[in-house]
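Reader: I would like to go through this chain with you and ask, for each label, what value and what cut-off stand behind it.

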Amino acid sequence: MFDLRFRAVPGATKKAIFLICLAVGVVGISYGSLAIAYGFPLWLPVVSSIVVLAGASEFMFIAIIASGGSPFAAALAGLLVNARHFPFGVAVREFVGTRASAYIGCHIMNDESVVFGLSQATPEARKAAFWLCGIGVALFWPLGAVIGSVVGKLLPAPETIGLDAVFPTILLALVVPAFKNRTTLVRSLSGAAISLLAVPFTPVGVPVLLSMLGIFARKK
C-alpha cells in the first residue's frame, strides 16, 4: 500500500527527501552530543527524540535548563516554538488521514514533511511525500540522537564545526523556490523582519510566533 503511494513521488524528490533526512540525522548527532556535554543523562535525548520529535524545541529545552532555567520555562519555550504546528496542521489536514493514522500523521508533521508535501504537483504525490519525509525524519532524528549521545564526549561542541547551521541552511534551500511568487516573498520577508525586530524585546520563542504576522502583508 505504502509502496504504491510512494511511487507517486518523483525520483528527484525521493533523493531530496533522503538527503534532508540524512541532514536531520547529522543534526541529531549534534543534539545528542550537546545534551551529554550539558550533563544530561543518556536516556533524555534518546527518549525526547522519539516522543517529542521536534528538533528546535528539544535544542531549546536542553539549552535553557543548562543555562539555569527551570524545566517549566524550558517546556513553555519549546511549546511556543512548536506553536507553528497549528497552521501546519491546517495546511496538511488532508495528508494525515483519519482515526488511528491521524495520530501518527500529526506526530511526524514537521517543517520538512510539510515543505515536501505542499511542494508536489498532484494530491497523491503531496500526501506520499509528506508521509515519506515524515517517516524518514522520525527514523533519522532518533538514530542521530542515539549516536550523538553515545559518542558525545568524543565530539567537539556542535557550533565549533558548524553542525548547528546545517539544518536551517538546507531548509532554507528547500523553500527558496517558493519565493518566485511575489506574495510569498513579501510575506516571508515581512515575517522575518518582524521576528528580527522582536528578538531584543521578547522572550525566547516569541519572535518565531510574531513572524506569522507576516501573512497579513500585501504586495503593492
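Reader: Which residue follows α2, and is its phi positive or negative?

Author: Gly39 follows α2, and its phi is positive, near 95°. Before we go on, please keep in mind that this is a predicted model, in which local features need pLDDT of at least 70 and side-chain atom pairs count only at pLDDT 80 or more, while totals for chains, interfaces and linings use all residues. Residues are numbered from 1 along each chain as its sequence is written, and side-chain values use heavy atoms, with hydrogens and water left out.

Reader: What makes something a helix here, and how many helices and strands does the chain have?

Author: A helix is a DSSP run of H or I with at least four residues, a strand is a run of E with at least two, and both are numbered from the N terminus. By that rule the chain has 13 helices and 0 strands.

Reader: How do you know whether the length of α2 agrees with what its residues should span?

Author: The expected span is 1.5 Å times one less than the number of residues. Helix α2 covers residues 11-37, and because its 27 residues should span 39 Å while its end C-alpha atoms are 39 Å apart, the two values agree.

Reader: Is Glu58 buried or exposed, and how do you know?

Author: Buried means a relative accessible area under 20%, exposed means over 50%, and partly exposed is in between, with a 1.4 Å probe and protein chains only. Glu58, which belongs to helix α4 (residues 55-66), has a relative accessible area of 3% and is therefore called buried. Across the 220 residues of the chain, 38% count as buried.

Reader: What does the side chain of Glu58 reach, and with which side chain does it make a polar contact?

Author: A polar contact is a pair of N or O atoms within 3.5 Å; within protein, one must be able to donate a hydrogen and the other to accept it, and residues adjacent in sequence count only if both atoms are side-chain atoms. The side chain of Glu58 makes such a contact with that of Trp141 at 3.2 Å, and it also reaches the backbone nitrogen of Leu53 at 3.4 Å. Beyond four places in sequence, its contacts (heavy atoms within 4.5 Å) include Tyr31, Pro45 and Val52.

Reader: Why does Gln120 count as buried, whereas Thr122 counts as partly exposed?

Author: Both lie in the loop between α8 and α9. Gln120 has 10% relative accessibility and therefore counts as buried, whereas Thr122, at 34%, counts as partly exposed.

Reader: Which side chains have polar contacts with that of Gln120, and what does the side chain of Thr122 reach?

Author: The side chain of Gln120 is joined to that of Thr13 by a polar contact of 3.5 Å, and to that of Ser119 by one of 3.2 Å. The Thr122 side chain, for its part, reaches the backbone nitrogen of Ala125 at 3.1 Å.

Reader: How far apart in space are Ala23 and Gly144, and why is Ala23 called buried?

Author: Their C-alpha atoms are 9.5 Å apart, although 121 residues separate them in sequence. Ala23 is part of helix α2, and its relative accessibility is 6%, so it counts as buried.

Reader: Why is Leu143 called partly exposed?

Author: Leu143, in helix α9 (residues 123-150), has a relative accessibility of 48%, and therefore counts as partly exposed. Its C-alpha atom is 8.1 Å from that of Ile29, 114 residues away in sequence.

Reader: What makes a residue nonpolar, polar or charged, and how does the lining of the second largest pocket divide?

Author: Ala, Val, Leu, Ile, Met, Phe, Trp, Tyr, Cys and Pro count as nonpolar, Asp, Glu, Lys and Arg as charged, and the others, Gly among them, as polar. The lining of the second largest pocket divides into 9 nonpolar, 5 polar and 1 charged. A pocket is an open set of points on a 1 Å grid over the protein atoms alone, where a 1.4 Å probe fits, with protein on both sides within 12 Å along at least five of seven lines, and lining residues have an atom within 4 Å of a point. Here 15 residues line the pocket, with Val52, Ser57, Ala75, Gly78 and Asn82 nearest its centre.
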